[in-house]
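Please look through the model below with its charged side chains in mind, and then turn to one of its pockets.

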Amino acid sequence: MTPVLNVHSSILGQPWRWRGLAADARDPGFAPDDLVTQLLLTRGCAREELEAHRAPSIRAFMPDPSIFRDMDKAAERLADAVQRGEAVTVFGDYDVDGATSAALLIRLLRDLGLDPRAYIPDRLMEGYGPSGEALVRLKREGADLIITVDCGAMAFDALAEAKAAGAEVIVVDHHKCASELPVALALVNPNRLDEEEGREHGHLAAVGVAWLLGAALVRVLRGRGFFASRTEPKLLDLLDIVALGTVADVAALKGLNRAFVAQGLKVMAQRRNVGMNALIEASRLTRAPTCSDLGFALGPRINAGGRVGKSDLGVRLLTTEDADEARAIAEELNRLNEERRAIEGEVQQSAEAMSAKGAVAVVAARGWHPGVIGIVAGRLKEKIGRPAIVIAIGEDGIGKGSGRSIAGVDLGAAILSAKEAGLLIAGGGHAMAAGVTVAEGQIAAFAAFLETKLAENVARASGERALLLDAVLAPGGVNPDLVNAMEAGGPYGMGWPAPRVAAGPVRMIKCGIVGNGHVRAIVAGEDGRSIKCVAFRAAETPLGLALLGAPRDRRLWIAGRAKIDDWGARPAAEIHVEDAAWAD
């Protein structure tokens, strides 16, 4: 296949190719002037599904919740709890998916007349997932029913201990499961190995699974005549919470997730959730949040509570009805997020210095804050282009690690295999992200295991690496109208990549370093138009160095995401640069 613009090897050493079908071999029914159709088709949308994807709705993508194993059992038991007025505790993970899953169920159960309690474990003191000690304590404190969200699928010992103490536990999760399942009243997870039709929804975040449980619960109660004398809760009003958890957990934005996020952003724009509104204001957003805002502005602030602060701040924020309390929590999360950034920078610098050659980068050290290792693993993965696992070793010699993978490499499955091989104390996750608990003395063996297990997959994924483009434009074509038109093919995120364009050929007019190692430039094309470009955190990378050193008389192509720059007197378009190539 001939590379786009004949770029066989860019500044970052990769070819440029058309996303999906080649430009001269697209669907014969494609209308060349229909940009949105092009964007949808090249992201795998079938022609007969175009209309559903143009405006993703819950109705179009909603499955029958009963297709999931144990869903009906969970809904029936939860309905019993509602009608009996039982004490329910929602046990959530400390990240955004856990916080939003817990907040969603708590808000729904409140609307149904219960007064549920939230329990979020402390990352440092208790670690990930439910412990037997915590579940038994909750039972002794009066919990008639416990629901774990975004955790529990691998909590064999904890759930066995809870059952022995007489605790009833429903598990709502989305992480990969082993062939055997822990004992629970019900375990709702589209990634159970015995799922059939439900496995098509394995891309859901836990908050999406929790929303489906909510739908199943409301249906059961409706069938029992529960709403004959009271108003039925509006599940669609909770989609802002679902959207936040889905995007922040980097769930693939396909199928039902696209509808969750598209409709959730509409609910979020109405700012009816007091806590969400306070979070938006603390993030200094003056417009309606976009999908990228969920991942880069709102999500990190919720995460900051579980990483470097109080683990329950996110749930408290998203469930409060007190505006003053909401503002106070949002500002505290904002402060913690700044603290998290400083800690993250120190750990990242150290981790990058340690990353060695190989299929998977496994780096570990004492003194690293376990609250930032997931973020650092993601940054490291992006920089080196291969899976990365960052492990913080505690004073007791036990390491807590977080990993991030690249497309085509299932890290979660490899972690489960390492656990089954006896190399880990605990571990699990999904294809793109996973967590581990490992003894310091086993880290080298664990790294060697992953090297053997994943080397071939990583090599294949790396060999297939290319920059995929959706359009090639003259600089004048990169304008707000283009950006707004492309947004109609969204929401964009994991599994539904944002459009990428190439502009040029251009000559460098001005280029320099701004902020925390960002490279900002102004380039001009042969059409006489100039555009702003920025390459984030690129000052010391081959891309950044090439831009900074580009001769004024040499032409180049710029490739990246076209975005709206609304800092000036009127909105303008700019390119967030991901790669570049010399044009002559």
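The paragraphs that follow take up salt bridges and then a pocket.

This is a predicted model, in which local features need pLDDT of at least 70 and side-chain atom pairs count only at pLDDT 80 or more, while totals for chains, interfaces and linings use all residues. Residues are numbered from 1 along each chain as its sequence is written, and side-chain values use heavy atoms, with hydrogens and water left out.

If a salt bridge is taken as a side-chain nitrogen of Lys or Arg within 4 Å of a carboxyl oxygen of Asp or Glu, the count comes to 39 salt bridges. One of them joins Arg219 to Asp64, with the closest N and O atoms 3.0 Å apart. Because Arg219 belongs to helix α8 (residues 206-223) and Asp64 to the loop between α3 (58-61) and α4 (71-84), this pair ties together parts that are 155 residues apart in sequence; helices here are DSSP runs (H or I, at least four residues) and strands likewise (E, at least two), numbered from the N terminus. Arg219 is partly exposed at 34% relative accessibility, and Asp64 is partly exposed at 38%, where buried means under 20% relative accessible area, exposed over 50%, and partly exposed in between (1.4 Å probe, protein chains only).

A salt bridge also forms between Glu526 and Arg555, whose closest N and O atoms are 2.4 Å apart. Glu526 sits in the loop between β15 (518-525) and β16 (530-535), and Arg555 in the loop between α19 (542-548) and β17 (556-565), so the pair ties together parts that are 29 residues apart in sequence. Glu526 counts as exposed, at 57% relative accessibility. Elsewhere, salt bridges link Glu76, Arg77, Asp80, Arg84, Glu86, Glu168 and Arg224 in a network.

Helix α8 returns in the second largest pocket, to whose lining it gives the largest share, five residues. A pocket here is an open set of points on a 1 Å grid over the protein atoms alone, where a 1.4 Å probe fits, with protein on both sides within 12 Å along at least five of seven lines, and lining residues have an atom within 4 Å of a point. The second largest pocket holds about 410 Å³ of space, the volume being that filled by probe spheres set on the points, which are joined across faces, edges and corners. Of its 16 lining residues, Ile58, Arg59, Trp211, Leu235 and Leu236 are the closest to the centre. The lining divides into 10 nonpolar, one polar and five charged residues, with Ala, Val, Leu, Ile, Met, Phe, Trp, Tyr, Cys and Pro counted as nonpolar, Asp, Glu, Lys and Arg as charged, and the others, Gly among them, as polar.
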